[in-house]
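Have a look at it first.

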Amino acid sequence: MKPTGDRLPRARLVTLLPLALLATGCGSKQSSLAPESPSAHSIATIWWIMLAGSGLGLAVIVGILVAAWFKRDAPGRDRPGTITVLALGIVTPILVLVALFAYSDIFLIRGTSPPVASAASRELTVRVIGHQFWWEVRYPGTTAITANEIHIPVRTHVVMLVHTDDVIHSFWVPQLNRKIDMEPEQVNRVELYADKVGRYRGQCSEFCGLQHAHMGFYVFADPPATFRHWLAREQQPASGAPPPLFMDKCSSCHAIRGTPASANVGPDLTHVGGRTSLAALTIPNTPVRLREWLRETQHVKPGSLMPDLNLTDAQVRQLTRYLEGLK
Ligand code: CUA
């Protein structure tokens, strides 16, 4: 006999598991079933209709199978005719699938693409470039360059122009619209529109290497005045020159606008202190975690293209102070 002490936690685990799944699935909100834009609502609607349609189809098939099982020994029953088999087995599935395809593709999914011709009339265009393993964000017509945190005005049609600088990535904000591939030679487009002010999590959705899972980003839908203020600040160059330590260790990859540091290998750090996260959402942007990132880069994000820099504790503190001051 097993000790009861072994059974109790297991029983508790069984009752807690659905709650835990609920907490991770719904709490994180990175879900296309928690839509916050008209396009995302269409996508969620398709999902529910497909679920209902396929559930109904499965129920009918299981019902017929069960009925056939119970009647298997009934004497004197005719076998179903060829017409019945063709109608139920071929014509019905074709009709159902064509109807679902037409409904989802023609009526709903096409509506999630921004029309090419009217791009100029849209209120904002944002360019996002995929890198292993982070997102470069530019606002055409301005000097603003940032990384991993995209700001857009709320209730505004924003056209995202996306491509990649290396391998194929996929840009996806499940609560706002469908995913779109980021390809090397072609600029793809998708619209972002947020019904409500808030922070929406996005994720790379095409396997792109060791840190694919840690290639996240945020979309902040701001009130229009907050957005304009943010964009104006992002366009400002940094005030003051970087310390010689930054020029020595960091400037071959990172830019600080308004200073001699102008490389474009890693994220633009001009206003890095104003971001909420680091390393494409791998860690929150706090002095403690930034020190950890500078000290043990390959421990925090193994496979990231930022090398371990072998900095001393004093150097880590100096760089952290400087970078956190770049608001
Ligand atoms: Cu980038 Cu997966």
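Start at strand S4, where Glu 149, His 151 and Pro 153 point one way and Ile 150 and Ile 152 the other, and all of them are buried. Buried here means under 20% relative accessible area, with exposed being over 50% and partly exposed in between (1.4 Å probe, protein chains only). Strands (E, at least two residues) and helices (H or I, at least four) are DSSP runs, numbered from the N terminus. Since five of the five residues of S4 are buried, S4 is largely enclosed by the rest of the structure.

A quick word on the ground rules: this is a predicted model, in which local features need pLDDT of at least 70 and side-chain atom pairs count only at pLDDT 80 or more, while totals for chains, interfaces and linings use all residues. Residues are numbered from 1 along each chain as its sequence is written, and side-chain values use heavy atoms, with hydrogens and water left out.

Which strand does S4 pair with in the parallel sense? That's S10, over five bridges; two strands pair if DSSP finds at least two bridges between them. In S10, Tyr 218 is the bridge partner of Glu 149.

Stay with Tyr 218 for a moment. Tyr 218 and Phe 220 are both buried. Their ring centres are 5.8 Å apart and their planes at 70°, so this pair is edge-to-face. The rule is that rings of Phe, Tyr and Trp (its six-membered ring) pair if their centres lie within 6.5 Å; planes under 30 degrees apart count as stacked, over 60 as edge-to-face and the rest as tilted. Tyr 218 also has the charged end of Arg 199 over its ring, 4.0 Å from the centre. For that, NZ of Lys or CZ of Arg must be within 6 Å of the ring centre and within 35 degrees of the ring normal. Elsewhere, Lys 179 lies over the face of Trp 172, 4.3 Å from the ring centre.

Ring pairs also join Trp 135, Phe 171 and Phe 217 into a cluster. Phe 171 turns up again in the largest nonpolar core, which has 32 residues; among those with the most contacts inside it are Val 128, Ile 150 and Phe 171. Such a core is a set of buried Ala, Val, Leu, Ile, Met, Phe, Trp, Tyr and Cys residues joined through side-chain atoms within 4.5 Å. S4, S10 and helix H4 (224-235) are among the elements that give two or more residues to this core. A second, separate core of 23 residues includes Cys 250 and Ile 283.
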